[in-house]
Amino acid sequence: EQEAALRAVVDGGPPPPGATADLRSLLARYGSPEVTVSTPATPLVLPAAVAQGACAAVGAALDNVRAHCGSGARAWVLAESGDGTVTVSVRDDGPGIPDGRLEEAVADGRMGVARSIRGRVAELGGRVSIVSVPGQGTEVEITLPA
């Protein structure tokens, strides 16, 4: 089932009904010299559609790091589980998001964070928290029901 779900993610198609996937293997593809991915030793098994959506939200957060933090920026992806949830955080060492910038983007019709991260996670029954400190970077925390 996990192999079928992973193939569906790679091929871009919807996962088969009832399929599950280990989120760790999906997140591993984001690892690079600029992005450190840390996951538990034990599987983070989620319904395949939830794992795929979470992975896409993480990808959108990393796209924002590349677009807004410059080529030398580093990012860290941390996944963990506990209390019936799976939490994935994406942290960067960029310049941070100026106060009011996300609201301004929505008002201007730029919906990247609103749809690609917050909207996608809300559709999965999860929540997103974004903490940003000017000059110290940004952390996007995605929490989903396990």
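The model is predicted: local features need pLDDT of at least 70, side-chain atom pairs count only at pLDDT 80 or more, and totals for chains, interfaces and linings use all residues. Residues are numbered from 1 along each chain as its sequence is written, and side-chain values use heavy atoms, with hydrogens and water left out.

**The whole chain**

Begin with the protein chain coloured by secondary structure, which comes to 5 helices and 7 strands. Helices (H or I, at least four residues) and strands (E, at least two) are DSSP runs, numbered from the N terminus. Along the sequence the pattern is α-β-α-β-β-α-β-β-α-α-β-β.

Next, select the open sheet of 5 strands, whose order is 2-4-5-7-6 with mixed pairing. Strands pair if DSSP finds at least two bridges between them. At the edges are strand 2 (35-38) and strand 6 (127-133), each of which pairs on one side only. From one strand to the next, the twist averages 15°.

Helix 3 (residues 48-69) packs on this sheet and touches strand 2, strand 4 (75-82), strand 5 (85-92) and strand 7. Contact means heavy atoms within 4.5 Å. The direction of helix 3 makes about 10° with that of strand 5; axes are lines fitted to C-alpha atoms, for helices over the stretch in contact, and angles run from 0 to 180 degrees between N-to-C directions.

Now select strand 5. Of its 8 residues, 6 are buried, so strand 5 is largely enclosed by the rest of the structure. Buried means under 20% relative accessible area, exposed over 50%, and partly exposed in between (1.4 Å probe, protein chains only).

Strand 4 and strand 5 run antiparallel and are joined by 8 bridges. Serine 81 stands opposite valine 86 in strand 5. The hairpin of these two strands has 2 residues between them, and there aspartate 83 takes a positive phi near 50°.

Strand 5 also pairs with strand 7 in the antiparallel sense, over 7 bridges; threonine 87 stands opposite threonine 143 in strand 7.

Display the side chains of arginine 91 and tryptophan 76 as well. Arginine 91 lies over the face of tryptophan 76, at 4.5 Å from the ring centre. A charge sits over a ring if NZ of Lys or CZ of Arg is within 6 Å of the ring centre and within 35 degrees of the ring normal.

**Strand 6**

Move to strand 6, which 7 bridges join to the antiparallel strand 7 (residues 137-145). The bridge partner of isoleucine 130 is valine 140 in strand 7. Valine 131, also placed in strand 6, touches Gly137, Thr138 and Glu139, not counting residues up to four places away in sequence.

**The nonpolar core**

Finally, select Leu23, Leu27, Val58, Leu62, Val77, Val88 and Ile142, the residues with the most contacts inside the largest nonpolar core, which has 32 residues. Such a core is a set of buried Ala, Val, Leu, Ile, Met, Phe, Trp, Tyr and Cys residues joined through side-chain atoms within 4.5 Å. Helix 3 gives the largest share, 11 residues.

Centre the view on valine 77. Apart from neighbours within four places in sequence, its contacts include Leu27, Val58, Leu62 and Val88.
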